Amino acid sequence: MRESRRGPVKSAVPSNVVSLVRRCSRTACGRPAVATLTYVYADSTAVLGPLATYAEPHCYDLCAEHSERLTAPRGWDVVRLTDGSAPSRPSGDDLEALANAVREAARPHDRAAEAGGTRPSGGSGNTGETRRGHLRVLRSPDS
């Protein structure tokens with residue numbers, strides 16, 4: 001270390017501890033980066049995609065908030081690339097399919113009858129009867 005009139009000169013880099021988490025490139029934002037922004041000047045396009053595997057000198061890492069609020073200069077296009085491994089929000093079709101699967105699972109006696117099986121015991125034999133639940137109250141042998 002060099003000596004100055006004020007004492008030893010400290011390094012601008014704090015020790016040799018390096019964070020493994022990449023941070024947002026925006027000034028005063030310390031949140032973890034989730035996306036990488038690249039400008040393609042020849043095409044007047046800003047490309048926002050999944051976080052790059054390593055930090056590029058001419059790319060910007062952005063946190064979730066800054067990547068959602070990203071705007072490009074007037075006349076530029078923004079291309080948002082999605083990562084296929086990222087979880088997506090369920091669509092109406094997904095929720096309807098889930099509801100249908102739950103309804104189907106709640107009707108096991110219908111499937112048994114269609115397959116040629118026998119009706120579960122406890123039914124009166126009416127074809128329009130539906131079971132309300134799978135739990136029953138049993139009286140204790142003492143009463």
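User: Which residues does C63 contact, leaving aside its neighbours within four places in sequence?

Analyst: This is a predicted model, in which local features need pLDDT of at least 70 and side-chain atom pairs count only at pLDDT 80 or more, while totals for chains, interfaces and linings use all residues. Residues are numbered from 1 along each chain as its sequence is written, and side-chain values use heavy atoms, with hydrogens and water left out. Contact means heavy atoms within 4.5 Å. With its neighbours within four places in sequence set aside, C63 is in contact with C24, C29, R31, P32, A33 and V34.

User: Is H66 buried or exposed?

Analyst: H66 lies in helix α1, residues 64–68, where helices (H or I, at least four residues) and strands (E, at least two) are DSSP runs numbered from the N terminus. Not counting residues up to four places away in sequence, H66 touches C24, R26, C29 and R31. Because its relative accessible area is 10%, H66 is buried.

User: Which strands stand at the edges of the open sheet?

Analyst: The open sheet has four strands in the order β5-β3-β4-β6, with mixed pairing; two strands pair if DSSP finds at least two bridges between them. Each edge strand has a single partner, so one of its sides is left without a neighbour in the sheet; these strands are β5 (59–62) and β6 (77–80).

User: Which residue in β4 stands opposite T38?

Analyst: Strands β3 (residues 35–40) and β4 (residues 45–50) run antiparallel and are joined by six bridges. In β4, the residue that stands opposite T38 is V47.

User: How many residues apart are D61 and R22?

Analyst: The side chains of D61 and R22 meet in a salt bridge at 2.8 Å, N to O; a salt bridge is a side-chain nitrogen of Lys or Arg within 4 Å of a carboxyl oxygen of Asp or Glu. D61 is in strand β5 and R22 in the loop between β2 (7–8) and β3, so the pair links distant parts of the chain. D61 counts as buried at 9% relative accessibility, whereas R22 counts as partly exposed at 21%. Their separation in the chain is 39 residues.

User: Which residues do salt bridges that share partners join into one network?

Analyst: E65 forms a salt bridge with R31, the closest N and O atoms being 3.1 Å apart; E65 lies in helix α1 and R31 in the loop between β2 and β3, so the pair ties together parts that are 34 residues apart in sequence. R69 also forms a salt bridge with E65, with the closest N and O atoms 3.7 Å apart. R69 counts as exposed at 53% relative accessibility, while E65, at 36%, is partly exposed. Through shared partners, the salt bridges join into one network R31, E65 and R69.

Definitions and conventions
Buried means under 20% relative accessible area, exposed over 50%, partly exposed in between (1.4 Å probe, protein chains only).
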